[in-house]
Amino acid sequence: CTITERAFLAAVEGGCQVPVGVYAISPKPGMVKAEAVIASLDGSKLYRDSIEGPALEGVKLGRELANKLLDMGGRDILKEIGIEV
C-alpha cells in the first residue's frame with residue numbers, strides 16, 4: 001500500500017504544500033486498492049478516482065492512478081501553482 005501511495009505522490013510531485021491526497025488499502029491478500037484526489041487550492045475543482053490490482057504492481061498502479069487524475073484536469077491545477085508534471 002505504501003509503495004502505491006509513494007508512486008502516486010512521486011508522479012504528481014506531491015508534498016505538504018500540494019493539494020493532492022492518496023490512500024491505499026489491501027482489501028484482500030495480495031491486492032491493493034488506492035483512492036486519490038487532486039484539488040484546486042480553493043476547492044472549486046476536484047478530481048478523484050481509484051484503482052485496484054495486484055499488490056506486486058503497486059508502483060505501476062500508483063503511477064497509472066496519477067496519470068488518470070492528471071489527464072482529467074489535475075495537470076492544469078498543478079500548473080496553476082507552479083508545478084509542471
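## Surface and charge

The protein exposes about 5,000 Å². Carbon and sulfur atoms supply 52% of that area. Accessible areas follow the Shrake-Rupley method with a 1.4 Å probe, and for residues only the protein chains shown count as cover. This is a predicted model: local features need pLDDT of at least 70, side-chain atom pairs count only at pLDDT 80 or more, and totals for chains, interfaces and linings use all residues. Residues are numbered from 1 along each chain as its sequence is written, and side-chain values use heavy atoms, with hydrogens and water left out.

The protein carries 10 positive and 12 negative charges. Their mean positions are 4 Å apart. Lys and Arg count as positive, Asp and Glu as negative; His and the chain ends are not counted. Each charge is placed at NZ of Lys, CZ of Arg, CG of Asp or CD of Glu.

## Fold and dimensions

The protein has 2 helices and 3 strands. Their order from the N terminus is α-β-β-β-α. Helices (H or I, at least four residues) and strands (E, at least two) are DSSP runs, numbered from the N terminus.

The radius of gyration is 12 Å, which agrees with the value near 12 Å for a compact globule of 85 residues. It is taken over C-alpha atoms, and the globule rule is 2.2 Å times the number of residues to the power 0.38. Along the principal axes, the C-alpha atoms fill a box of roughly 40 × 20 × 20 Å.

Buried residues make up 36% of the 85. Buried means under 20% relative accessible area, exposed over 50%, partly exposed in between (1.4 Å probe, protein chains only). Among contacts (heavy atoms within 4.5 Å) between residues at least 6 apart in sequence, 44% join residues at least 24 apart.

## Ser40

Ser40 sits in the loop between β2 (31–39) and β3 (46–54). Its relative accessibility is 8%, so Ser40 counts as buried. Not counting residues up to four places away in sequence, Ser40 touches Pro19, Lys45 and Ile77.

A polar atom of the Ser40 side chain lies 3.0 Å from the backbone nitrogen of Ser44.

## Pro54

Pro54 belongs to strand β3. With 35% relative accessibility, Pro54 counts as partly exposed. Leaving aside neighbours within four places in sequence, Pro54 contacts Gly30, Met31, Val32 and Leu61.

Pro54 and Ser26 are 28 residues apart along the chain. Their C-alpha atoms are separated by 9.5 Å.

Note on methods:
A polar contact is a pair of N or O atoms within 3.5 Å; within protein, one must be able to donate a hydrogen and the other to accept it, and residues adjacent in sequence count only if both atoms are side-chain atoms.
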